[in-house]
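Subject: The structure we talked about

Hi,

Here is the structure I promised to pass on. Have a look at it first, and then read my notes below.

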Amino acid sequence: MIDYQRYVLKNGLAVLAHRDPSASMAAVNLLYKVGARNENPSRTGFAHLFEHLMFGGSEHVPDFDLPVQLACGENNAFTCNDYTDYYMTLPKDNVETAFWLESDRMRGLALNDRSLEVQRKVVVEEFSQRYLNQPYGDLWLLMRPLAYERHPYRWPTIGMTPDHVREASMEEVRAFYEKYYVPNNAILSVAADLEPERVFELAESWFGEIPAGKPVRDAIPSEPPQTSARRLEVRRPVPASAIVIAFHIVGRTDPRFYAFDVMSDLLSSGNSSRLYRRLVKEERLFSSVNAYVTGDMDPGLFVLTGHLLPETSVQEGERVLWQELERLQREPVPEAELEKVRNKYESGVIFGDLNVMNKAMNLGYYEMLGDAGTVNREIDLYRSVTGERIRTEALETFRPEKSSTLLYLREDEN
Amino acid sequence: MQPAVRIPDRLDIPMPEIRRLAGGTGLYVLNAPQQEVTRLSLVYRAGTRFQSRPFTAATVMNLLAEGTEKYSAAEFSERFDFYGAHFETGIDRDYAVVTLCTLSRFLPQTLELLEEMTARPLFPVPELDIYRERRKQQLSVDRQKVSFRARELFTQALFGQEHPYGSFYDRDEFDALTQDVLQAFFRKHYTAGNCFAVVSGKAGSEEVQRIETFLASLPAGAGVSFADLPEPVTTPLVQERREEALQTAIRIGKRLFPRNHPDFIGMQVLSMVLGGYFGSRLISNLREDKGYTYGVFSAMVNLESAGYLAIATEVGAPFTRDAVREIFRELARLREEPVGAEELKIVKNMITGDLMRILDGPFGIADVTIESVQNGTDNGYVARYLEEVKAITPERLQELARRHLNEAGFVTVTVGAVDECAPDSDPVLPDVPKTASV
């Protein structure tokens with residue numbers, strides 16, 4: 001349970017404060033509601049490149065990291081499809097440093113050509129390190145455009161190609177900053193041993209004067225319903241062939257989302273889960289299997305993946321993955337099995353809440369989804385999923401004509 | 001207006017309550033009564049250095065819950081998952097650690113599972129077969145990664161293949177592992193006298209009593225004798241060619257000394273200056289100035305009977321040679337110029353902040369306690385460590401750099417674009433014989 005209070009500044013900045021009396025560190029999270037989803041298809045990877053530039057200094061702060069480090073703090077950021085998140089922990093006594101730094105770079109970023117030039121190179125190296133120079137690294141570069149035809153989820157946050165990053169101009173950088181990095185497009189959340197009133201006071205005094213921007217109303221192209229099965233086969237110099245099957249599901253805020261979350265846990269959460277037990281342990285067909293939901297704001301994906309053992313044919317691998325989906329459509333889930341994944345989920349939430357940074361991040365994330373209060377209802381929503389609901393959603397969703405299958409094969413695979 | 005900041009002068013870390021059990025196991029208790037979770041770590045001296053056959057130590061640890069007389073592997077996982085509990089395993093050269101994480105209300109049930117797996121594992125042949133196939137495949141995948149491969153080659157270059165800290169093996173060595181080999185390793189090393197336990201989270205008298213009963217069930221065994229480690233054999237330059245690689249993994253470092261050496265803390269500060277934080281010299285140079293890499297790090301690595309400085313990065317293939325040169329240039333700069341006062345202040349504050357973060361929350365203190373016991377100290381070490389860090393001067397750091405970071409004895413490993421930095425074409429590589437026995 002994360003107790004919190006909410007306050008919105010006149011300029012639209014939403015502020016959430018959670019008091020944790022046991023914490024000596026303060027966690028400060030600033031979420032901007034912009035991600036790869038808001039990008040222009042000819043300039044993909046831009047939101048993430050911009051995230052790098054946010055550390056290049058601002059009006060009154062020549063170097064962002066230095067004052068954080070001097071205050072015994074630590075900070076970083078990440079970009080995903082739906083949002084960009086900047087987070088920091090520092091001793092409670094020094095929390096004001098975070099307000100100063102974050103408000104300064106929201107008010108005026110010191111953009112310069114040199115910093116853009118260097119960060120373009122750094123991001124190209126990041127592209128190589130994480131996506132191109134790793135076994136299976138390009139798997140999602142292939143899978144996204146297979147599963148999505150129109151929606152910007154068809155490219156990953158790093159971008160479709162390093163060329164888009166190489167070509168980014170200063171003019172585009174400035175326009176992006178002015179449009180999206182405004183208080184009314186941001187959420188500030190703080191978890192610390194601080195009275196919420198104190199947090200709101202600090203927010204008011206550091207962020208209150210920043211003018212609001214125009215409301216962000218991007219027309220995101222929606223994904224047309226899929227009507228036929230899609231397949232892609234590639235060969236790569238990898239030791240084991242992999243299969244990925246994805247299905248379109250609902251967005252994160254749709255009440256039906258929880259049924260998919262439960263199904264993915266039934267299939268692959270823990271060593272007693274169905275895919276692991278049957279396909280890895282009993283039948284010895286795969287070396288690893290996984291099932292998960294992408295949990296995106298717009299309709300996302302339900303994904304099954306597996307790495308084949310050398311003796312398993314691709315056809316056999318695909319067949320048994322489908323067999324597990326059909327089992328969800330055919331047989332009601334036993335109550336004890338449901339109770340097991342519910343307990344595991346609940347325990348995961350409790351372990352996650354031990355950390356102030358997790359709590360601050362969660363508050364920001366749920367506020368972005370529309371209501372921070374959902375964070376405290378997740379366990380009940382998850383628990384409310386019935387066996388019948390699962391069968392209904394499974395029947396509706398796991399159909400060949402709604403699937404996208406990527407066969408990522410080792411070079412000598414038959 | 002920049003807000004003022006406060007830096008704590010000292011940190012006080014709770015000392016665990018220490019209980020010594022009849023079987024020889026030490027139990028370190030850090031009670032946080034307001035928590036509803038309990039975490040229990042069993043730390044065995046059963047790392048890879050003790051194995052006489054490749055892969056034995058990790059396989060034993062990973063197969064503990066794969067079957068006893070009472071529970072099959074499937075029953076173990078079914079039960080752990082039902083209680084929402086899990087156990088984590090970790091192994092290094094010296095230690096194997098098994099950690100149970102559970103809601104406190106299910107401690108009795110999950111402890112019973114832990115007792116089964118740590119007292120009576122059978123290592124069933126079918127489970128061993130499955131594990132072997134999966135691990136072999138995983139190892140093939142890992143070794144395709146330039147960073148993984150460079151890490152293996154680096155420790156081998158520092159210590160030599162015959163040294164337990166430097167060896168790594170072909171995946172087919174898995175085929176020689178039998179149930180008997182695993183049983184023998186287990187009987188010798190997974191004993192009450194060869195481990196200690198640390199409990200954190202909710203650990204009141206009721207929990208402690210249960211844990212003590214559990215620890216009393218750990219198998220007794222003969223004491224383990226420690227064979228002397230062989231002399232390390234250092235290879236100054238190792239290069240593995242990957243024609244297709246977009247990036248080269250670089251590992252550069254030097255064998256120094258373990259944590260009990262009087263210069264260890266100073267060297268930790270120095271490695272932090274070099275590459276221990278965002279803004280460090282290596283990050284500023286290789287990433288923020290030149291854009292050669294997404295990340296570069298350096299750290300002092302502490303093993304029970306050795307220690308070394310490690311510098312690690314992946315750089316764009318065309319920048320390989322220049323990146324190696326710049327790393328050695330930064331090492332030279334540490335020897336030639338004193339560290340600036342402001343820079344040293346940042347590093348000291350960063351170290352203070354890192355410690356505060358570790359100590360915030362119930363499990364961080366447990367991790368510190370594990371490390372203290374392994375190092376033969378206690379949690380008072382953290383306060384003394386911080387005191388020494390705060391007192392360190394630029395002169396002292398320069399003296400340490402001159403003493404320990406001279407180029408003789410350095411090891412350079414690259415996996416990726418190789419010929420770009422061949423030694424004859426690169427005068428900054430250390431001028432030492434190809435294979436030196438130290």
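**Strand 3 of chain A and its neighbours**

Strand 3 of chain A and strand 6 (residues 186–192) of chain A run antiparallel and are joined by 6 bridges. Within this pairing, Val28(A) stands opposite Val190(A) of strand 6. Please keep in mind that this is a predicted model.

Strand 3 of chain A also runs antiparallel to strand 5 of chain A, with 8 bridges between them. Here Ala26(A) has Leu90(A) in strand 5 as its bridge partner.

How much of strand 3 (residues 25–32) of chain A is buried? The strand is mostly covered, with 8 of its 8 residues buried. In a regular strand, side chains alternate between the two faces of the sheet. In strand 3 of chain A, Met25(A), Ala27(A), Asn29(A) and Leu31(A) point one way, while Ala26(A), Val28(A), Leu30(A) and Tyr32(A) point the other way; all of them are buried.

Nonpolar side chains tend to be buried together in soluble globular proteins. In this model the largest nonpolar core has 202 residues, and those with the most contacts inside it are Ala27(A), Val190(A) and Ala197(B). Helix 13 (residues 356–369) of chain A gives the largest share of this core, 8 residues. Another core, of 50 residues, lies apart from it and includes Phe247(A), Val280(A), Phe286(A) and Val303(A).

If you want to look around Ala197(B), leave aside its neighbours within four places in sequence: this residue is then in contact with Thr25(B), Leu27(B), Tyr28(B), Leu40(B), Ser41(B), Leu42(B) and Leu215(B).

**Where the chains touch**

The contact between the chains takes 51 residues from chain A and 54 residues from chain B. On the side of chain A that touches chain B, several elements each supply at least two residues, among them helix 2 (65–70), strand 5 (84–91), helix 3 (95–107) and helix 12 (335–352). Helix 4 of chain A provides the largest share of that side, 8 residues. By type, the residues on the side of chain A that touches chain B are 20 nonpolar, 18 polar and 13 charged.

**Chain B as a whole**

Chain B has 14 helices and 13 strands. Its C-alpha atoms fill a box of roughly 65 × 55 × 40 Å along the principal axes. A compact globule of 438 residues would have a radius of gyration near 22 Å, and the 23 Å of chain B agrees with that. Of the 438 residues of chain B, 49% count as buried. Among its contacts between residues at least 6 apart in sequence, 80% join residues at least 24 apart.

**Two backbone angles to look at**

Most residues other than glycine have a negative phi. Which residue in the loop between helix 2 and strand 4 (74–79) of chain A is worth a look here? The residue is Cys72(A), with a positive phi of about 65° although it is not a glycine. Cys72(A) counts as buried because 27 other C-beta atoms lie within 10 Å, where 20 or more are needed.

In chain B, Phe123(B) has a positive phi of about 50°, and it is not a glycine either. Phe123(B) is found in the loop between helix 3 (107–119) and helix 4 (125–144) of chain B. With 23 other C-beta atoms within 10 Å, Phe123(B) is buried too.

Best wishes

Terms used:
Residues are numbered from 1 along each chain as its sequence is written. Chains are lettered from A and ligands numbered from 1 in the order in which they are written. This is a predicted model: local features need pLDDT of at least 70, side-chain atom pairs count only at pLDDT 80 or more; totals for chains, interfaces and linings use all residues. Helices (H or I, at least four residues) and strands (E, at least two) are DSSP runs, numbered from the N terminus. The radius of gyration is taken over C-alpha atoms; the globule rule is 2.2 Å times the number of residues to the power 0.38. A residue is buried if 20 or more other C-beta atoms lie within 10 Å of its own, exposed if 12 or fewer, and partly exposed in between; C-beta atoms are placed from the backbone. Two residues are in contact if their C-beta atoms, placed from the backbone, lie within 7 Å. A nonpolar core is a set of buried Ala, Val, Leu, Ile, Met, Phe, Trp, Tyr and Cys residues joined through C-beta atoms within 7 Å. Ala, Val, Leu, Ile, Met, Phe, Trp, Tyr, Cys and Pro count as nonpolar, Asp, Glu, Lys and Arg as charged, and the others, Gly among them, as polar. Two strands pair if DSSP finds at least two bridges between them.
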